[in-house]
Amino acid sequence: MASILCVGNTTLDRFYTVESVPSQATKYFSSDYYELGGGIAATAAVTAARLGHTVSLVSRIGDDSIGQQIIKDLSQWGVATDHLHSIPGAISSNAVVHVDKDGERQITVHRDRRMLSDASWINESILDGVDSVMCDCTWSEGAERLLLMARERGIPTVIDADLGGDALLKLLPLADHAAFSTPALNKLTEDRAPRDVHEALLVAQSYTSGVVYVTQGERGCFWLADDQLCHLPAFKVDVVDTTGAGDVFHGALAVAVAEGKTGSEAVRFASAVAALKCTQPGGRAGIPNQTQLADFIKE
């Protein structure tokens, strides 16, 4: 059993099932409603816990009812919440998610400006016994502090390289593995006008000595090995809801890295976990356990 530390955002998501994603200023009616914990790093942490590993989340919450719901939800999934920093007077992050009949979604996120960015409360002992660190780009101060500490200890790191502006540029040089969303890779490379995904990843590689990846939904995952383009097609599943698929991929990649998997073995592992997540509604319900994952890969 490995120990994974995830750093970044945790939210409470409110889901509305609709015929089509709202696009006009009018009233819409949902056919279903439910609440689930969300957030990039938090969902990655839940993924690692579902896969049978010890997981802690380093994040910030408000001292409100939403924060209490977040703590309860994470605990039920088996994620340690000792390192959730409560900020007086702040509203915990939350989101409204519209999911259409094809499983695509539209997300409106609220992040309170009173959520202090200070990370000085994080001490090095948090990394005791940790086998890999995964972070998102939502809280660059916390991520940078722990990535630097992890580097000093030789602990491998994974970055969820989503749209993060200056935060992404600051964190990329510290990554052993940087897995991009397609929009984030496009944004990073837009000034260089790459002709294809290979050129785009080569641009991304110039920012880090780590391995760079990009997930492209139905097209699967691309990554570089010694500047050569590698590709794994997506697993074929009946998609119900893609919410959180990228977060799950990154959490599973952190597990794969902690277990010593590399290259196509690590990508295949993470891709299978993310594919299974998409077969059920919500960001976490479809995340497989070890047995379900093994059966799926075998098939």
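Predicted model: local features only at pLDDT ≥ 70, side-chain atom pairs only at ≥ 80, totals over all residues.

Colleague: In what sense do β1 and strand β8 run, and how many bridges join them?

Modeller: Strands of a sheet pair through backbone hydrogen bonds, in either a parallel or an antiparallel sense. Here β1 and β8 (residues 132-135) run parallel and are joined by four bridges. Within this pair, Ile 4 stands opposite Ser 132 in β8. On its pairing with β9, β8 is again parallel, over three bridges, and Met 134 stands opposite Val 158 in β9.

Colleague: Why is strand β9 described as largely enclosed?

Modeller: Five of the five residues of β9 (residues 157-161) are buried, so the strand is largely enclosed by the rest of the structure. Thr 157, Ile 159 and Ala 161 point one way from β9, while Val 158 and Asp 160 point the other way; all are buried.

Colleague: Which residues have the most contacts inside the largest nonpolar core?

Modeller: In soluble globular proteins, nonpolar side chains tend to be buried together. The largest nonpolar core here has 48 residues, and those with the most contacts inside it are Ile 4, Cys 6, Leu 57, Leu 74, Leu 253 and Phe 269. Among the elements that give two or more residues to this core are β1 (3-7), α1 (40-50), β4 (54-62), α2 (65-77) and α8 (263-277). The largest share, nine residues, comes from α8. A second, separate core of 38 residues includes Ala 150, Ile 155, Ala 161 and Val 197.

Colleague: Which residues does Leu 253 touch, leaving aside those up to four places away in sequence?

Modeller: Leu 253 touches Val 158, Ala 179, Tyr 213, Ala 266 and Ala 270.

Colleague: Where does Phe 269 lie, and is this residue buried or exposed?

Modeller: Phe 269 lies in helix α8. Its relative accessibility is 11%, and a residue under 20% counts as buried, so Phe 269 is buried. Beyond the residues up to four places away in sequence, Phe 269 touches Leu 51, Ala 252, Val 255, Ala 256, Glu 259, Lys 261 and Leu 293. Phe 269 and Leu 293 are 24 residues apart in sequence, and their C-alpha atoms are 8.6 Å apart in space.

Colleague: How should I read a charged residue, taking Asp 247 as the case: which side chain of opposite charge is nearest?

Modeller: One looks at burial and at charged partners together. Asp 247, in helix α7 (residues 245-258), is buried yet has no salt bridge; the nearest side chain of opposite charge, Arg 105, is 6.7 Å away. Not counting residues up to four places away in sequence, Asp 247 touches Gly 39, Ile 40, Thr 43, Ala 44 and Asp 160.

Colleague: What is the relative accessible area of Glu 144, and which residues is Glu 144 in contact with beyond its neighbours within four places in sequence?

Modeller: Glu 144, found in helix α3 (residues 140-153), is partly exposed, with a relative accessible area of 26%. Beyond those neighbours, Glu 144 is in contact with Lys 170, Leu 171 and Leu 174.

Key. Residues numbered from 1 in each chain as written. Heavy atoms only, no water. Buried < 20%, exposed > 50% of the residue type's maximum accessible area, 1.4 Å probe, protein only. Lys, Arg positive; Asp, Glu negative; His and termini not counted. Salt bridge = Lys/Arg side-chain N within 4 Å of Asp/Glu carboxyl O. Contact = heavy atoms within 4.5 Å. Core = buried A, V, L, I, M, F, W, Y, C linked by side-chain atoms within 4.5 Å. Pairing = 2+ DSSP bridges.
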